[in-house]
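User: I am new to this structure and would like to understand the words used for it. Could you take me through them with care?

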Amino acid sequence: MSVNQLLLEAIALNKCVVATYNNVTMTLAPHILYSKHDALFIDAVALEKNGEPPREKKLGAFNLAGLKGLALAERHFQNEPVFDPNAPKYEGNTLFAVGAE
């Protein structure tokens, strides 16, 4: 399965993904896949960093080129209120987002 397919499945089914980003192993709740400057990104909430919960829940941007060892997790997530699908940065760039039909 390609990285794009894996992320589309994760977003569609509200499933977490596990990956290493900047040498930190993370469990991510991906909310949106979009393009920026001819690169693909996901905005996701980090639910765990190196096995520990983060101090606060926040939405982070992750360049797909930097995600290593990406895999689906069995863990599901709820849509986080910190995610706004109507944010200006997504306008005309969204490929797929949580709640998309």
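**Pairing and burial, term by term**

Analyst: Within the strand pairing, Thr 27 stands opposite Glu 48 in S3. This is a predicted model, in which local features need pLDDT of at least 70 and side-chain atom pairs count only at pLDDT 80 or more, while totals for chains, interfaces and linings use all residues. Residues are numbered from 1 along each chain as its sequence is written, and side-chain values use heavy atoms, with hydrogens and water left out.

User: What makes S2 and S3 a pair?

Analyst: Two strands (DSSP runs of E, at least two residues, numbered from the N terminus) pair if DSSP finds at least two bridges between them. S2 and S3 (residues 39–49) have 10 bridges in the antiparallel sense, and therefore they count as a pair.

User: How do you know that S2 also pairs with S6?

Analyst: Between S2 and S6 (residues 94–97) there are 3 antiparallel bridges, and Tyr 34 stands opposite Thr 94 in S6.

User: Which residues of H1 are called buried?

Analyst: In helix H1 (residues 3–13), a DSSP run of H or I with at least four residues, the buried ones are Leu 6, Leu 7, Ala 10 and Ile 11; the word means under 20% relative accessible area, against over 50% for exposed and partly exposed in between, with a 1.4 Å probe and protein chains only.

User: Why are they said to lie on the same side of H1?

Analyst: They cover an arc of only 130 degrees around the axis, which puts them on the same side of H1, the arc being that of the directions from the helix axis to the C-beta atoms.
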